[in-house]
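Open the structure in your viewer and keep the selection tool ready. We will go stop by stop.

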Amino acid sequence: MFYYLTLNKSIDIHPKHFGPKLREVIREKLIAETEGTCTGKYGYVVAVAKVDDIGQGRIRQDQSGFATFDVTYGCIVCRPYKKEVLDAVVTSVNKMGFFAQAGPLQLFVTQHLIPEEFEFDASGDNSWISVDQTTHIQIGTHVRVRIVGIKYDPTEVFCIATMKEDYLGVIGADFS
Amino acid sequence: MSEPDSPGGSLDDALAAAFDGEFGEDEEERQVGDGATDDEDDGKGGNSTPSSDVDLDELGEKGFTEVESLQDDVGYVPPPAKRQRMIRFGAVEELGPSPGSAAAAAGGSGGGSAAAAAAAACAHPVWVFGLCGVCGVSKEAAAEAAGGADQYGQYLAGGGGGGASRHRSSGGSGGGAGGSQAGVVRLKHLHANKEVEVSTHEAERIRRDTMSRLLSRRRLILILDLDHTLLNSVHTGEVGEDSAPQLAEVLRREEEANLGPRRLLHRLADNKLWTKLRPGVFEFLEGLREAYEMHIYTMGDKTYAAEVRRLLDPTGRLFASVVAKDHSTTATAKDLDVLLSADELALVLDDTEIVWPGHRRNLLQIERYHYFPSDLRKWRADGTALLEQGTDESVTDGALATHMRVLRAVHTRFFSQDDPSLPPLELRDVRDILAQQRRRILQGCSLTFSRCWPQDRNPRREPLWQLAEALGATCLPAYDPQATTHVVAAGGGTEKVHQARSQGKAVVLPAWLQACSFKWSRLPEADFAVPEPTSDGRTGASSGGTAVRPAACGGGSSGGHLTAEEELRVVMAVAGGGGGGAADGNREQ
């Protein structure tokens, strides 16, 4: 689920940037340090929307010359929840399940959590095909899954998801 | 902020004015802010505090409980999930109403097994991203919950004690039924940077599934090596000055032939590599794609492997998996365990035998493909590479074409219905069939060896002997005038050679055996005839195969027809002639 949050962060700036472009530098540094990171608390920071306020800089007293600015910024975060249902696009298929991507989230659906009527088929492209041959899960297929477990890395979020419940499954054909 | 007592006071003022408002007051304020800012100043990664204290976890919880309370208000009970029924096995086992609604309400937690207590007893067969593939708990949480003494403890101990890349302690053989999951199989080639771990038990299950799937589709598995098997690659820096015009010539010729993506000479890796595909490779791949599920297994690194894969297969649909050096379980050998396939259905095409220690019987050894001279130099001091000679292997008659024919024959034989000598389909082993095919090559030949190895060694352990037997020949320890049909001699002039010549039997070099093995047919003995001892070491018509088996034999004891010097010359000539003749032997007729 996506949220718009207002957060604070302290940014250190090297004295060489103390010039007319200081605010821009602060903004760029903020973006570089927060976009793409993720934590357990807020999830994955997708983008910094705007910088609300840059506090007054304080020069550090440790002889490094750096100045620390308190920046308040608005950002969009993506935080998955454990029972959440979301749509994803399949990125790779193998005999143990398939990998899918939903925005910045990487999901894996194991064979155990794929409905029984699907069978793995390795002729040609790897894919999971239903017994009655009507539904295919290949690279590019849109699926609807429910998240079962989440793990946070400093830069990525990984989830395990299931497709084995009502109203979940393939919702769109090959879009690759 | 102006300090009137500093001499540069006006400069300070000017600076202060320029940065008006940017910088806060000095020490006192810094100390006040010290406590707060100190623990937030490591810069990287998420030490943000909300200015409005929002807790996303709480929000999420609220949302879900709200939905549930709404459902309760209305009296709506979600029906038991239809997909929990095991339709496939005919008997419809519905989850009973209470576990059903418990499972549905518990949402995502493991609808995996059909047993009623599904939510509780997850066996954690697969770990991806450090999470259980079925119920989603993280590995650490599972370890704590289980308390360590039972299967999870073993599981983690097996995984942890497995060290960097070794695993599979009990080898999975008869891997304990049900719960005991000692040992883990780590698969690194499925996802770009995360590995998937599978318990041994689960790996067995997947293997069985794979086997039944392959048999029902009438396909076998073929694992292909890249370097020297399907292609030859060198760094652009290694290609010498003299080769440059020849390369240009080849490029020009291919441009004219207008082959497009099917050309054979390519530059890879931002022009740092020259890669020459073996002639006939596209025909080989296409000819076998129906019959075999193909995988690439190389000792190169994964970017190289991915690039070559794109070259060989632009559509990306041909190779079921690509395993590179970092994906192997051990650093110096290759093994089939990472593919989770069945050994009985898999064949390997590779140029070296030593990298497949456990799977010699699955291996079809192919002649090494040396196109670039600098590459040939690494293996042998002499001989001319194909580029220098300006020729190339034949598309229809070269090594790949031969092997394609052999593989097709094995496949046909494997799936043949009416052959009474074969066990039923489920029990067939492709290795046996391969061995049978191989024994046809020299069927009916009886060989005696001369001067091939020192007298004091056990002949049956000699690689030449074993090679000959694998090719279907009978090996005799001594010369038998009635039975022996060929004498294999590394040098001329021995008793056995004389006797054989006097009776008109063929006398051949050991290279003949190797060449027959590469070509999968009985080559004419005349091409490999041992020269008469009177000629001084020239090999005449010999056009031997590549790797000449040990011509280094200590045969001094069996009568000295040649002086030691002449003998040495014979040996060197044989080795040299073998190398140079290799390319000749493969040239287009």
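Select chain B and color by secondary structure: chain B has 18 helices and 17 strands. Helices (H or I, at least four residues) and strands (E, at least two) are DSSP runs, numbered from the N terminus. This is a predicted model, where local features need pLDDT of at least 70, side-chain atom pairs count only at pLDDT 80 or more, and totals for chains, interfaces and linings use all residues. Residues are numbered from 1 along each chain as its sequence is written, chains are lettered from A and ligands numbered from 1 in the order in which they are written, and side-chain values use heavy atoms, with hydrogens and water left out.

Stay on chain B. Of its 589 residues, 46% are buried. Buried means under 20% relative accessible area, exposed over 50%, and partly exposed in between (1.4 Å probe, protein chains only). Now show contacts, meaning heavy atoms within 4.5 Å. Among chain B contacts with a separation of 6 or more, 64% join residues 24 or more positions apart.

Next, select B:E61, B:E68, B:D72 and B:D73. Together they form a negative surface patch. Patches like this use residues with over 30% relative accessible area and no salt bridge, with like charges joined within 9 Å. Asp and Glu count as negative. Zoom in on B:D72, which sits in helix α3 (residues 56–74) of chain B. B:D72 counts as exposed because its relative accessibility is 62%.

Now turn to salt bridges. Side chains of opposite charge can pair when their charged atoms come close. The rule is a side-chain nitrogen of Lys or Arg within 4 Å of a carboxyl oxygen of Asp or Glu. Over all chains, the count is 24.

Select B:R361 and B:D432. Their closest N and O atoms are 2.8 Å apart in a salt bridge. B:R361 lies in the loop between β12 (346–350) and β13 (363–365) of chain B, and B:D432 in helix α14 (residues 430–439) of chain B, so the pair ties together parts that are 71 residues apart in sequence. B:R361 is partly exposed at 45% relative accessibility. B:D432 is partly exposed too, at 37%.

Move to chain A. Which residues join A:K9 in one network of salt bridges that share partners? Select A:K29 and A:E33. The A:E33 and A:K9 bridge has its closest N and O atoms 3.8 Å apart. A:E33 lies in helix α1 (residues 22–34) of chain A and A:K9 in strand β1 (residues 2–13) of chain A, so this pair ties together parts 24 residues apart in sequence. Both A:E33 and A:K9 are buried.

Note on methods. Patch = residues over 30% accessible without salt bridge, like charges linked within 9 Å, V, L, I, M, F, W, Y side chains within 5 Å. Areas by Shrake-Rupley, 256 points an atom, 1.4 Å probe, with all protein chains shown as cover. Charge placed at Lys NZ, Arg CZ, Asp CG, Glu CD.
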